[in-house]
Every structure is written in C-alpha cells, then in structure tokens.
2 protein chains.
Amino acid sequence: MKHEELLYLENQLCFPLYAASRLTTQMYGPLLHELDITYPQYLVLLVLWQRGALSVTEIGGLLLLDTNTLTPLLKRMEEKGLLVRSRSKEDARSVLVSLSPTGQQLKEKALCVPMQVIANFQAGGTLTHEEVVAFKATLHKIVGALAAE
Amino acid sequence: MKHEELLYLENQLCFPLYAASRLTTQMYGPLLHELDITYPQYLVLLVLWQRGALSVTEIGGLLLLDTNTLTPLLKRMEEKGLLVRSRSKEDARSVLVSLSPTGQQLKEKALCVPMQVIANFQAGGTLTHEEVVAFKATLHKIVGALAAE
DNA sequence: AACGATTATATCGTACACGATACAAAATTA
DNA sequence: TAATTTTGTATCGTGTACGATATAATCGTT
C-alpha cells in the first residue's frame with residue numbers, strides 16, 4: 001500500500017468500527033424507546049440486573065465509563081424512578097446505585113430485546129455463527145488491550 | 001443459554017462493539033490533538049483529501065452521518081480555517097465543502113497518524129494479520145447490512 | 001494525631017449524535 | 001403553470017462522551 005493510501009477511508013479500521021457501533025446503537029433505538037430508556041441507560045440496567053447494587057466506580061469499571069459520564073446519566077435514571085443513589089455508610093465517598101422496584105420490573109420487559117436484536121442482525125446480513133464467535137473474540141482482544149493499563 | 005442470560009453483559013455483542021469503538025477513538029485523541037482536530041473532523045478530512053470537494057450530503061453518505069451532525073461540525077471546521085462552505089450555483093440547495101490551503105496542507109502532518117495507530121494496536125494486543133482481515137470483513141458486512149435501506 | 005497522597009464522585013466546558021421539525025429550492029405531476 | 005412532493009440543509013432539544021478541574025473522605029506514613 002502506498003503511503004498516501006493509508007489515509008483512504010476504506011483502508012481505515014477505525015471507521016467501520018465507529019460506524020458499526022453507531023448503527024448497532026441506532027438499531028436498539030426503537031426497541032429501547034418502548035422501555036423509555038437510552039442505550040447507555042440500558043447498559044447500566046444490564047449490569048444492575050445481573051449483579052445487584054453497585055457503586056458508580058464499579059459500574060464504570062464494567063462499562064468502561066468515567067464518572068463525568070455516569071453521574072449525570074445516573075441522575076436522569078434516578079429522576080425517572082429506575083434506581084436510587086445513596087451514599088455508602090462504610091465509605092462516605094462512595095455512592096451506591098440500586099434498582100428501584102420499577103427498575104427491577106423493567107427487566108421482564110427487556111427480556112425480548114436481545115432476541116429482536118439478533119433477529120434484526122440476521123435479517124440484513126448473513127453472519128455465520130463461526131463469524132460471530134470470531135468477531136466477538138477479536139472485539140474482546142481489542143477492548144482488553146486498550147482498556148488495560 | 002438460558003433466557004435470562006441473554007441480558008448478561010458478557011453475552012452482548014453490542015457492548016464490546018461500543019467499547020472498542022470508544023477506546024479506539026480515544027486512542028486517536030493525543031495524535032489528533034497535535035493537529036488540533038477531533039476524530040469526526042479527521043474523518044471529514046479523510047474523505048475530502050481523498051475525493052476533493054463534496055456536498056454535505058455526499059460527506060454524510062460516506063461517513064453515514066446526517067446533516068444535523070455535520071452542519072455544526074463543518075461550521076467549526078470552517079471557523080478553524082480548515083475548509084470553506086459555499087452554496088452551489090447549479091443547485092442552490094446544495095452546500096459545497098472544499099478544503100482551504102490550510103486544510104489541504106494538514107494532510108502532510110496527518111500521514112503519520114495511521115502508522116502510529118497501527119503501532120498502538122499491535123502494542124497491547126496480538127492481532128494476527130488474518131484476524132484483522134476477517135475482523136474488517138465482518139465489520140463491513142455489518143455496516144453494509146445496517147446502513148442499507 | 002497530623003499531613004500529604006489517594007480515592008470516589010461531582011462539576012464544567014466542548015463536541016458530537018440523533019430524533020424531530022423547519023424551510024427554501026428543485027423536481028414532479030396534475 | 002400551478003400545486004405537490006421531494007431534496008438538501010439547517011435548527012432545536014436532549015443525551016451522551018470525555019478532558020480538565022474541584023472537593024470531600026479515606027488511607028498511609030511519619
């Protein structure tokens with residue numbers, strides 16, 4: 001590849017990654033609209049449903065988001081009645097985020113989301129099972145390498 | 001997989017895609033900071049360097065971004081003197097975006113960016129060439145499927 | 001116990017993303 | 001040609017992302 005061709009859009013790895021991420025998030029849009037939540041809010045709910053109450057930093061560690069993103073996001077979710085934020089008694093610096101009954105109940109409505117996403121993915125493209133497995137493995141390698149340190 | 005496990009974070013495809021995209025963009029941060037541009041602005045420059053002057057819609061078609069994102073982004077780039085926006089004479093609805101001399105010259109400074117990105121990618125993880133090729137192919141399938149219609 | 005370093009969260013400013021809407025210019029159709 | 005539809009941009013509002021900074025609480029060390 002000539003030196004200049006390194007700058008061609010089709011030779012970038014970053015762009016299709018960026019585009020695929022945005023398009024995938026957009027695919028969740030209508031589904032999550034039914035639940036009145038956004039995609040990042042859905043991710044927060046996923047970790048709370050799976051693991052129970054967590055501190056802001058713990059959520060950030062799992063989702064690779066910092067508090068400057070999470071604090072306002074969690075406040076919006078608290079205002080909507082999905083969760084409760086409370087200062088920890090053992091460590092007054094820490095804020096414990098726990099699901100409200102409403103937030104807990106929302107899990108039932110969310111159970112159909114992954115199935116519909118899988119269906120949508122299969123609709124347009126024809127990714128084989130092996131391809132998806134390899135793709136996910138590479139993604140995890142990349143995230144592992146870049147998120148570390 | 002049990003029904004409920006579909007909601008576990010580690011079983012999502014969307015999350016590592018979202019995380020990898022953000023982390024990759026973050027990797028560009030320090031490099032592009034040298035050029036005083038952001039990652040989306042870099043993408044706009046890539047298509048203009050490669051193809052010359054384009055309309056807003058043409059840029060949007062290549063980058064899969066709508067005008068509600070591009071118009072303010074292009075205005076910021078115009079204010080920084082990287083490009084010029086002008087109404088087309090043939091079609092007064094269309095705005096032609098062309099590089100300024102400054103924007104054109106910036107290409108020379110950008111030539112080292114892709115090399116450094118590749119180096120950073122290799123630093124942490126050990127992606128084989130075949131793995132990168134397969135990964136890129138899957139990304140293009142996904143983008144093609146979701147961007148169509 | 002005092003004090004500097006670390007940790008957990010929050011705030012601020014800027015720049016995307018994107019759904020919804022607006023509007024004028026061009027194309028289409030009646 | 002007048003009316004309708006489509007197209008190309010722009011605007012508005014909301015919600016992330018994220019670098020930089022602030023602040024209070026805890027920890028570690030002396």
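Which residues are the closest to DNA strand C? They are Ser55(A), Thr57(A), Asn68(A), Arg93(A) and Asn68(B), among the 25 residues that surround DNA strand C; a residue is near a strand if its C-beta atom, placed from the backbone, lies within 6 Å of it. The model is predicted, and local features need pLDDT of at least 70, side-chain atom pairs count only at pLDDT 80 or more, and totals for chains, interfaces and linings use all residues. Residues are numbered from 1 along each chain as its sequence is written, while chains are lettered from A and ligands numbered from 1 in the order in which they are written.

Chain A itself comprises seven helices and three strands, where helices (H or I, at least four residues) and strands (E, at least two) are DSSP runs numbered from the N terminus. Their order along the sequence is α-α-β-α-α-β-β-α-α-α. The C-alpha trace of chain A spans about 60 × 35 × 25 Å along its principal axes.

The contact between the chains takes 49 residues from chain B and 49 residues from chain A; two residues are in contact if their C-beta atoms, placed from the backbone, lie within 7 Å. On the side of chain B, α1 (14-35), α2 (39-51), α6 (112-124) and α7 (129-147) each give two or more residues, and α7(B) provides the largest share, 15 residues. That side has 36 nonpolar, ten polar and three charged residues, with Ala, Val, Leu, Ile, Met, Phe, Trp, Tyr, Cys and Pro counted as nonpolar, Asp, Glu, Lys and Arg as charged, and the others, Gly among them, as polar. Because 100% of the interface residues of chain B are also interface residues in chain A, the copies meet through the same surface.

The largest nonpolar core has 58 residues, and those with the most contacts inside it are Val44(A) and Val44(B). Such a core is a set of buried Ala, Val, Leu, Ile, Met, Phe, Trp, Tyr and Cys residues joined through C-beta atoms within 7 Å. Leaving aside residues up to four places away in sequence, Val44(A) touches Ile59(A), Leu73(A) and Met77(A).

The surface near DNA strand C has six nonpolar, 13 polar and six charged residues. Around DNA strand D there are 26 residues, of which Asn68(A), Ser55(B), Thr57(B), Asn68(B) and Ser94(B) come nearest. The greatest contribution to the surface near DNA strand D, five residues, is that of α4(A). By class, this surface has seven nonpolar, 13 polar and six charged residues.

Key:
A residue is buried if 20 or more other C-beta atoms lie within 10 Å of its own, exposed if 12 or fewer, and partly exposed in between; C-beta atoms are placed from the backbone.
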